[in-house]
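I opened this notebook to record what I looked up in the model, entry by entry.

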Amino acid sequence: MDIFINNQKYSIDKKDFLNDGASGNCYRLKRGNIDLSVKIYHEEDSWGFGEPWFPDEDTLKKLIKLSPETNPILLSQFLVRDKEGKYIGCAKDYVDDLGLDTLTEVFLQPKDIVVGYLREIQAKVPLFNKAGIILDDWNTDNILFGTHLGKEGIYVFDDGNYYFSDDTSSNNLEFDHLIEDLVDNFIPEKNFGKVKPYIFDELHNSSDYLEHLIKLSNNSDTLGEGLLNHAQKIKKKYY
């Protein structure tokens, strides 16, 4: 398939395929000094939810303009067009996931390193408030523990559901939702299913979900160790 980025022609095919999503298929475009993740939008919704959704061209151009400032929240950097000039996708710098499972790395890497990465994400949220951009769909599946432009970190990579609004009050809640989703996916349902409501109640009653997670791990080397120790204490207390 031939695509055009900044009027430069490139070709992508099945061997470049990375993954598919609700709005499109992603490919790696690695040619010389260029290393991009390219998303080609679906023409029809392959998941059966109705019309495929992706940012319109004007919205994407605004995201592109902001993209140099938002790392590690990665925004699209380029429009992708077909040979007729039709807007068919977007592209951004490729993130090498190093073959690591993000959920495992978040909870089993040294706590200070992971907390630093998460705080870098949290610190960039006000940029989106100022720009009038609503963050959306932050969850375990839309972050990567990997390397971007030579720097290891945790990266939020899917901006397909972001949109513009005068009210950005939900953005801080989106970061909390990410922390909650990480916790939900990490705690084993089999051993701690009955404990989860207690843990979520504690999260919901805290003013900062990340700070609460850090406090649970005060005497632990990793966030995962602290969280599982806390879950075990609740289990012993109530069950």
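This is a predicted model: local features need pLDDT of at least 70, side-chain atom pairs count only at pLDDT 80 or more; totals for chains, interfaces and linings use all residues.

Residues are numbered from 1 along each chain as its sequence is written, and side-chain values use heavy atoms, without hydrogens and water.

Helix packing: I noted that α4 (residues 171-186) and α6 pack at about 165°, with axes 11 Å apart (lines fitted to C-alpha atoms over the stretch in contact, angles from 0 to 180 degrees between N-to-C directions). That makes α4 roughly antiparallel to α6 (angles over 145 degrees). Helices here are DSSP runs of H or I with at least four residues, numbered from the N terminus.

Salt bridges: I searched the whole structure and found 13, each a side-chain nitrogen of Lys or Arg within 4 Å of a carboxyl oxygen of Asp or Glu. One of them joins arginine 119 to glutamate 211 at 2.6 Å, N to O. Arginine 119 lies in α3 (residues 111-131) and glutamate 211 in α7 (residues 209-216), so the pair ties together parts 92 residues apart in sequence. Arginine 119 is partly exposed at 40% relative accessibility, and glutamate 211 is partly exposed at 28% (buried is under 20%, exposed over 50%, partly exposed in between, with a 1.4 Å probe and protein chains only). I also saw that bridges with shared partners join Asp13, Lys15, Asp16 and Arg31 into one network.

Definitions and conventions:
Helices (H or I, at least four residues) and strands (E, at least two) are DSSP runs, numbered from the N terminus. Angles under 35 degrees count as roughly parallel, over 145 as roughly antiparallel, 65 to 115 as roughly perpendicular and the rest as oblique.
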